[in-house]
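Please open the model in a viewer and keep the sequence panel beside it. The stops below say what to select and what is there.

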Amino acid sequence: MSGSRSSSRNVNIDSNWSKRENKLFEEALACYGEGTPDRWHKVARAMGGIKTADEVRRHYEILNDDVTLIESGGVPFPNYNTQGAWN
């Protein structure tokens, strides 16, 4: 996975995933962990075929890259005011 993708680009690429699709994706990932043969095909099938295996794999890579960026401190915390609203 490359670190050359920007987080804003990732959001644009993945914005076509609905909450329902993301939930199905998460549930399928829980069933088919790393090392599962044909993992992305199985995840896509568990989602009812609404996404291809390539779309599922790409979605996972984008989310994984975002987590890595956040954990490395590459995403600044939002600047909240005293009432908790984002500035």
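Select Glu21 to begin. Glu21 is buried, with a relative accessible area of 14%; buried means under 20% relative accessible area, exposed over 50% and partly exposed in between, using a 1.4 Å probe and protein chains only. Glu21 sits in helix H2, residues 19–31. Helices (H or I, at least four residues) and strands (E, at least two) are DSSP runs, numbered from the N terminus. Show the surroundings of Glu21: leaving aside neighbours within four places in sequence, Glu21 is in contact with Asn16, Met47, Ile50 and Lys51, where contact means heavy atoms within 4.5 Å.

This is a predicted model, in which local features need pLDDT of at least 70, side-chain atom pairs count only at pLDDT 80 or more, and totals for chains, interfaces and linings use all residues. Residues are numbered from 1 along each chain as its sequence is written, and side-chain values use heavy atoms, with hydrogens and water left out.

Next, select Glu34, in the loop between H2 and helix H3 (39–46). Is Glu34 buried or exposed? Glu34 is exposed, with a relative accessible area of 69%. Not counting residues up to four places away in sequence, Glu34 touches Arg39 and Tyr60.

Now move to H3 and colour Arg39, Trp40, Val43 and Ala44, which are buried. Seen down the axis of H3, its buried residues fall within an arc of 130 degrees, so they line one face of the helix; the arc is that of the directions from the helix axis to the C-beta atoms. An α-helix has 3.6 residues a turn, so residues three or four places apart point the same way. The cover over the buried residues of H3 includes H2 and helix H4 (53–71).

Keep H3 and H4 in view. Their axes come within 8 Å and cross at roughly 105 degrees; axes are lines fitted to C-alpha atoms, for helices over the stretch in contact, and angles run from 0 to 180 degrees between N-to-C directions. That makes H3 roughly perpendicular to H4, a label for angles of 65 to 115 degrees. To see the contact, select Arg39, Trp40, His41, Val43 and Ala44 in H3, which meet Ala53, Val56, Arg57 and Tyr60 in H4.

Just after H3, pick Gly48, which takes a positive phi of about 85 degrees.

Finally, zoom out. The protein chain has 4 helices and 0 strands, and 25% of its 87 residues count as buried.

Definitions and conventions: Angles under 35 degrees count as roughly parallel, over 145 as roughly antiparallel, 65 to 115 as roughly perpendicular and the rest as oblique.
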